[in-house]
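Hi,

Here is the structure I promised to pass on. Have a look at it first, and then read my notes below.

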Amino acid sequence: MTNVIKIDDARIQDHLGKIVRGTVEETLNALLDAEADRLCGAGRYERSDGRRDTRAGSYGRKLHTKAGEVNLKVPKLRQQTFETAIIERYRRRESSVEEAMIEMYLAGVSVRRVEDVTEALWGTRVSPSTISNLNKKIYKQIEEWRNRPIEGEHPYLYLDGIVLKRSWAGEVRNVSLLVAVSVNADGYREIVGIMEGHKEDRAGWSGFLRHLKERGLTGVQLVISDACLGLRESIGDFYPDADWQRCIVHWYRNIFSHVPSGKVREVSLMLKAIHAQESHRAASEKAAMVIKQLRAMRLGKVADWAEETAQETLAYYKYPDRHWQRIRTNNPLERIMREIRRRTKVVGAFPDGESALNLAAARLRHIAGTKWSMKRYLDMNLLKQQQQEIA
């Protein structure tokens with residue numbers, strides 16, 4: 001056999017695409033005609049006593065579908081406006097195409113890439129303003145989600161902030177977003193709030209905590225966070241009975257910034273030994289020994305700072321030992337913050353604070369709707385049992 005049959009895949013795919021588009025176009029036009037017959041009360045050219053209207057020709061419309069761009073002949077009626085459930089008036093894209101563009105943007109695809117993808121898939125290039133208008137459709141749902149009532153009790157509350165860039169009067173400035181994640185009474189993680197804080201200061205945190213409390217956040221026993229400016233004082237204003245746990249990871253980093261690089265490993269082992277003890281008393285005694293060792297290493301400034309702040313990192317010892325590893329750091333919320341940073345990195349500078357807030361909230365809402373947030377990782381019965389023993 002000397003003759004080899006060669007198959008042109010590109011031509012076959014193009015031919016199949018034309019067949020699919022033709023079928024979609026024919027089907028949609030048939031549905032439009034049927035809808036027009038229903039509104040008229042009779043078919044085209046049909047004489048009937050039940051006729052309510054007559055046709056007045058049609059006009060052409062282009063519609064972008066998953067199969068590509070199709071040409072529609074939308075009927076016109078003499079006495080009434082042609083309204084159809086098949087396609088909304090003035091719509092230029094199939095709803096599934098619009099949903100796909102929104103999902104791409106929220107999933108982390110830049111606007112420029114969305115333009116390229118839509119042109120490759122559907123033969124049309126959308127503008128940035130079109131994507132912005134589409135995203136406004138979900139902003140209302142995001143706002144409702146941000147302000148939804150908070151039900152039940154939430155013993156553990158994680159707080160943190162993230163700084164993004166926004167354009168302002170020709171300049172690029174910072175905008176702070178404050179985020180709260182809790183563990184509810186059933187032992188599930190729950191994203192309870194996100195809000196623009198302007199600055200991570202006492203006024204910003206007070207406004208955020210007031211927002212959470214007005215929505216019904218109750219039962220807070222332990223707040224886990226970094227030592228953000230004004231945060232600890234704000235917690236006392238709104239949840240005076242709650243303990244505050246300073247994130248030990250951030251505490252280590254703060255200390256390492258004042259330790260010579262050659263001694264970081266040695267100091268790291270010393271600090272970790274404090275939080276490896278079996279009780280609060282043992283941890284406090286170990287902290288005193290470490291502080292003494294730091295002075296012997298001529299790290300007086302580090303020793304003074306550790307002596308002043310070490311007890312702030314030991315609040316978790318008051319709670320069940322099975323929970324210690326999870327509630328002594330802000331890591332559960334840090335992972336969420338990395339997801340937000342990953343998504344917002346492709347944007348660069350936002351046009352305003354609202355768009356930054358909505359995009360970050362959309363990512364949080366997506367996370368809240370996955371199995372990630374429904375994974376049981378804390379046995380809250382232990383907390384209730386320990387509370388009863390203390391009482």
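Let me start with Ala-227, which comes out as partly exposed because its relative accessible area is 35%, between the 20% and 50% limits. Keep in mind that this is a predicted model. You'll find Ala-227 in the loop that runs between β6 (222-225) and α6 (231-238). Once neighbours within four places in sequence are set aside, Ala-227 is in contact with Trp-244 and Arg-246. Arg-246 sits 19 residues away along the chain, and the C-alpha atoms of Ala-227 and Arg-246 are separated by 6.4 Å.

Ala-242 is in the loop between α6 and β7. Its relative accessibility is 15%, so Ala-242 counts as buried, the limit being under 20%. Not counting residues up to four places away in sequence, Ala-242 touches Val-220, Gln-221 and Val-223.

For the overall picture, the protein has 14 helices and eight strands. It runs to 391 residues, and buried ones make up 44% of them. If you take the contacts between residues at least 6 apart in sequence, 64% join residues at least 24 apart.

Helix α7 (residues 248-256) packs with helix α8 (residues 264-274) at an angle of about 145 degrees, and their axes are 11 Å apart. The crossing of α7 past α8 is right-handed. On the α7 side, the contact is made by Trp-251, Tyr-252, Ile-255 and Phe-256. The α8 side brings in Val-264, Val-267, Ser-268, Leu-271, Lys-272 and Ile-274. By type, the residues of this contact split into eight nonpolar, one polar and one charged.

Within α7, the buried residues are Ile-248, His-250, Trp-251, Tyr-252 and Ile-255. As for what covers them, the list includes β7 (243-246), α8, α10 and α12 (331-344). As a reminder on helix geometry, an α-helix has 3.6 residues a turn, so residues three or four places apart point the same way.

Aromatics next. How many aromatic pairs does a search of the whole structure find? It turns up eight. One of them is Tyr-316 with Trp-324, which is edge-to-face because the planes are at 75 degrees, past the 60-degree limit; the ring centres are 5.9 Å apart. Tyr-316 and Trp-324 are both buried. Ring pairs also link Trp-251, Tyr-252, Phe-256 and Trp-305 into a cluster. Trp-251, Tyr-252 and Phe-256 are also on the α7 side of the contact with α8. There is a charge over a ring as well: the charged end of Lys-213 sits over Tyr-239, 5.0 Å from the ring centre.

You'll find it in the loop between α10 (300-309) and α11 (324-327). Is Tyr-317 buried or exposed? Its relative accessible area is 8%, so Tyr-317 is buried. Leaving aside neighbours within four places in sequence, Tyr-317 is in contact with Ile-274, His-275, Ala-276, Gln-277, Glu-278, Ser-279, His-280, Ala-283 and Trp-324. Of these, Ile-274 also belongs to the α8 side of the helix contact, and Trp-324 is the ring partner of Tyr-316. His-280 is 37 residues from Tyr-317 along the chain, yet their C-alpha atoms are separated by 5.5 Å.

Two last residues to look at. His-211 is in helix α5 (residues 202-214) and counts as buried because its relative accessibility is 12%. Apart from neighbours within four places in sequence, His-211 is in contact with Arg-146, Asn-147 and Met-195. Arg-298, by contrast, is exposed, with a relative accessible area of 78%. Arg-298 is placed in the loop between α9 (280-296) and α10, and its phi is near 60 degrees, a positive value in a residue other than glycine.

Cheers

Technical notes
Residues numbered from 1 in each chain as written. Predicted model: local features only at pLDDT ≥ 70, side-chain atom pairs only at ≥ 80, totals over all residues. Heavy atoms only, no water. Phe/Tyr/Trp six-rings, centres within 6.5 Å; stacked < 30°, edge-to-face > 60°. Buried < 20%, exposed > 50% of the residue type's maximum accessible area, 1.4 Å probe, protein only. Lys NZ or Arg CZ within 6 Å of the ring centre and 35° of its normal. Axes fitted to C-alpha atoms, helices over the stretch in contact; angles between N-to-C directions. Helix = DSSP H or I, 4+ residues; strand = E, 2+ residues; numbered from the N terminus. Left-handed = near helix turned anticlockwise from the far one by under 90°. Contact = heavy atoms within 4.5 Å. Nonpolar A, V, L, I, M, F, W, Y, C, P; charged D, E, K, R; others polar.
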